[in-house]
Amino acid sequence: MDSTISDRFDTSRFEAGRNRLASLAYRLLGSASDAEDAVQDAFLRWQAADRERIDVPEAWLTKVVTNLCLDRLRSAQARHERAAGAWLPEPLLEGDPILGPADTFEQRESVSLAVLTLMERLSPLERAVYVLREAFSHSHAEIAGILGITESASQQHVHRARIRVAAERRRSHGGEADPASARRVVEEFLAAAASGRTERLVALLTDDVTALSDGAGLAKRLLRYKTPEQVASHVRAGFKPTPAKRRLAGGSPAFHFALVNGSPAVLAVVGDRVVGALAFEVRDGKIASLRGIAAAARLRRLDEAWRQHEPDAPAIAAW
């Protein structure tokens, strides 16, 4: 096989696994744009490598992408960004290929906004072992080879990570909510928020509800609310239309229901542009957590996917 044909063949092999690699990188980094950068860097290394000496390309690429992501997580820049308190995962619209495998509960959970946020509190190694084991079903022997650790260390890291994720699961949602039931709760919540019925908002929240917001994309640190009354007051204020808010949004948004990272969400849309996302975790018929994201950089990929999407009629057509 001449070199040109060989290069085309090897490029095709890489492209066939690109979505899997991007899904791995997204789970590790919580950012689709950073995940795409990591995969592109891996492609450059693939092109420069002596590919005839690579016995299992998929395993080689998995190792390269994982370690590129670990380098990113350990970098001074990443530590500063996350320590600054303004970091939230990048939300993705249901059906986005970068969300990756979703056959098991663990795979779906590993890409939820709740778990992606929680993994910020894990060490980079714990995060990598958890993702490789739970989302991609690698054996501890394979993980040890990818990360350069012992099988025993891999088992210990995943054990600690599972304990933390299980605690978050009990607190935020306790398991998978039925999508239809979750949507009904969110519909009630949106109706109450739009009407100003604060007491009804409080009734729809769990006693230990939490909310995180990037303050319409303007806050330097995340805004945090920890009681039903605080959350209801914040939501009511956020949904109250004003000329200043319309100017900030670039118009009067419509509000659509959607699934984001497997969870029910409300998207604020001006024209065909997503200007905000509010994602929910539902537990036992009530809302246990909310995450409000409006920073344009964090909504880029979701916005692009929305433009290719056939939405239902808006829940609120004019605001």
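Residues are numbered from 1 along each chain as its sequence is written. Because this is a predicted model, local features need pLDDT of at least 70 and side-chain atom pairs count only at pLDDT 80 or more, while totals for chains, interfaces and linings use all residues, and side-chain values use heavy atoms, with hydrogens and water left out.

Student: How many salt bridges does the structure hold?
Tutor: A salt bridge is counted when a side-chain nitrogen of Lys or Arg lies within 4 Å of a carboxyl oxygen of Asp or Glu. By that rule, the number of salt bridges in the structure is 16.

Student: Which residue meets Arg300 in a salt bridge?
Tutor: The two side chains come to 3.3 Å, N to O. The pair links distant parts of the chain, 264 residues apart, with Arg300 in helix H15 (residues 296-307) and its partner in helix H3, where helices are DSSP runs of H or I with at least four residues, numbered from the N terminus. The partner of Arg300 is Glu36.

Student: Is His138 buried or exposed?
Tutor: His138 lies in the loop between H8 and helix H9 (140-147), and its side chain is joined to that of Glu142. Buried means under 20% relative accessible area, exposed over 50% and partly exposed in between, with a 1.4 Å probe and protein chains only. Because its relative accessibility is 16%, His138 counts as buried.

Conventions: Helices (H or I, at least four residues) and strands (E, at least two) are DSSP runs, numbered from the N terminus. A polar contact is a pair of N or O atoms within 3.5 Å; within protein, one must be able to donate a hydrogen and the other to accept it, and residues adjacent in sequence count only if both atoms are side-chain atoms.
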